Amino acid sequence: MTATARPSPGAPQAWRNWARNQTAFPAGVEHPADVADIARTVEQAAAAGRTVKVAGSGHSFTSAAVTDGTLLHLDRLDRLLEADAETGVVTVQAGMPLHVLNRTLAPAGLAMSNLGDIDRQTVAGAISTGTHGTGARLGGLATQVRGLQIVLGDGSVVQCSAAERPDLFSAARVGLGALGVLTAVTLQCEPSFVLHAREEAMAIDAVLGNFDEMAERNEHFEFFWFPHTDSAMVKQNNRLAPGETPQPLGPVRSWVEEELLANTVFGAVCQLGLRRPALIPRINRRSVRLLGARTYTAPSHEVFSSPRRVRFVEMEYAVPRAAVHEAFGAIRTVIERERLSVSFPVEVRVAQGDDIALSTASGRDTAYLAVHMYRGEKDYERFFRAVERELTALEGRPHWGKLHYRNVADLRPAYPQFGAFLAARDQADPARVFRNDYLDRVLGR
Ligand SMILES: Cc1cc2nc3c(=O)[nH]c(=O)nc-3n(C[C@H](O)[C@H](O)[C@H](O)COP(=O)(O)OP(=O)(O)OC[C@H]3O[C@@H](n4cnc5c(N)ncnc54)[C@H](O)[C@@H]3O)c2cc1C
């Protein structure tokens with residue numbers, strides 16, 4: 001689904017997201033220097049009946065950051081405010097990108113416990129949509145948040161945590177940008193650690209047959225199934241045990257595997273598939289024959305995240321973990337039944353349940369299933385809608401930052417704390433200064 005807010009006369013240049021499927025023509029664009037600047041902008045917008053939206057680094061596929069009001073970029077709020085190496089508690093300004101956070105934590109001997117596949121998002125943007133990595137005993141990034149500073153809809157600046165304004169805190173950790181402008185985020189980090197990464201091709205039936213065992217045994221477990229084949233690439237990442245010898249990847253091998261094969265060659269293969277979709281099943285079958293195995297060690301954040309230069313669109317569903325087999329089978333059936341040619345792998349991950357109102361893992365241990373299509377492939381909406389129908393029936397919840405077609409009426413029953421979130425929104429932004437079309441759809445006006 002693409003969204004384009006109408007251009008207003010004399011408006012500044014268009015804003016586009018990473019996937020290039022969302023465009024906004026904001027009435028104004030600001031790069032505030034500090035919290036006081038943000039508070040002033042919000043107060044003035046509230047008084048004039050205008051709207052305000054923050055864009056992070058534009059890595060959401062949904063129109064979550066699209067606005068025709070004032071668009072704020074927090075690129076000047078990207079500093080470390082406090083770090084306590086003893087307790088691991090770190091406060092950063094909300095516009096700091098995750099890759100800068102990782103670089104900032106390392107000299108203090110600290111690291112995030114878990115991260116997603118990339119590190120380009122801002123800290124605030126990542127938590128706001130429920131960004132997660134994988135690990136049966138680990139929650140999404142928002143579960144590491146211990147405190148927030150927020151500019152509310154009347155321009156007031158408040159702090160919240162489990163002890164201070166707990167209702168606002170519960171809602172704002174995965175707040176969809178609906179409650180205010182996050183200006184600082186306090187995170188519980190941990191001593192930095194090295195991961196031992198093991199990546200290998202396996203038969204998909206073996207992966208599914210051992211799913212629970214592998215999810216439980218590994219700190220971080222995920223697999224990528226290649227549509228039209230019986231093979232998956234399995235990733236099992238665990239902390240390097242004390243005394244174990246590190247096995248870093250050399251810079252040349254790392255460039256060949258992560259840049260050349262995963263981006264340049266993969267991009268060329270996707271282009272070929274775009275021009276000749278009928279070839280995709282054959283290309284995928286050839287590709288999986290070339291999948292090798294590798295093991296290496298690296299600082300945790302280097303293992304979690306990789307560069308993604310091949311642009312695509314994505315939908316991801318969170319289902320109760322026990323439903324993973326049914327959900328995976330449903331995606332397979334959709335691809336066959338709809339005669340779709342899908343070049344991108346289906347990614348499957350796990351997370352521990354949490355207590356955050358709109359976290360996609362709220363109240364239940366979760367399996368995540370993500371479907372992707374190369375940018376420009378025409379069939380993505382037919383594919384995503386068909387998968388959505390199947391996974392909604394399994395009590396699935398869509399990732400807030402990835403494409404989906406759900407609305408408030410059918411999302412409300414999917415979240416036990418949906419009502420509590422709406423009540424927190426009414427308190428934080430009664431005039432709906434932070435509304436946009438996406439929020440109207442998923443939360444109501
Ligand atoms: C290549 C790629 C890989 C990805 N990998 C993963 C993954 O592994 N796991 C996963 O879960 N997701 C993943 N995502 C999704 C991504 O993590 C989320 O969409 C995330 O929200 C993007 O962060 P951002 O900084 O770009 O925020 P944006 O997309 O710009 O904004 C997201 C939302 O946050 C709001 N927001 C941003 N800053 C603030 C602020 N300061 N205050 C209040 N609201 C704010 C915006 O208004 C918007 O509603 C991936 C996306 C891409 C493109």
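Two residues are in contact here when heavy atoms lie within 4.5 Å. Keep in mind that you're looking at a predicted model, where local features need pLDDT of at least 70, side-chain atom pairs count only at pLDDT 80 or more, and totals for chains, interfaces and linings use all residues. Residues are numbered from 1 along each chain as its sequence is written, and side-chain values use heavy atoms, leaving out hydrogens and water.

**Stop 1: Asn238.** Select Asn238, which sits in strand β16 (strands are DSSP runs of E, at least two residues; helices are runs of H or I, at least four; both are numbered from the N terminus). Leaving aside residues up to four places away in sequence, Asn238 touches Val194, Leu195, His196, Arg217, Asn218 and Glu219.

Stop 2: Show the open sheet of eight strands, ordered β17-β14-β16-β15-β19-β20-β18-β21 with antiparallel pairing (two strands pair if DSSP finds at least two bridges between them). At its edges are β17 (294-299) and β21 (397-398), each pairing on one side only. Zoom in on β15 (220-225) and β16 (231-239), joined by six bridges; Phe224 has Met233 in β16 as its bridge partner. Next, pick helix α10 (324-337), which packs on this sheet and touches β15, β18, β19 and β20. The direction of α10 makes about 20 degrees with that of β20 (axes are lines fitted to C-alpha atoms, for helices over the stretch in contact, with angles from 0 to 180 degrees between N-to-C directions). Helix α11 (380-392) packs here too, at about 5 degrees to β18.

**Stop 3: the other sheet.** Move to the five strands β7-β8-β12-β10-β11, an open sheet with antiparallel pairing. Its edge strands are β7 (80-84) and β11 (157-161). Four bridges link β7 to β8 (89-93), and Ala83 stands opposite Val90 in β8.

**Stop 4: the ligand.** Which residues come nearest to the ligand? Of the 34 around it, they are Val54, Gly56, His59, Ser60 and Thr129 (a residue counts if one of its heavy atoms lies within 4 Å). For polar contacts (N or O pairs within 3.5 Å), look at ligand oxygens: one is 2.7 Å from a polar backbone atom of His59, and one is 2.8 Å from such an atom of Gly125. Finish by coloring α3 (123-128), which gives the most to the shell, with four residues.

Technical notes
A polar contact is a pair of N or O atoms within 3.5 Å; within protein, one must be able to donate a hydrogen and the other to accept it, and residues adjacent in sequence count only if both atoms are side-chain atoms.
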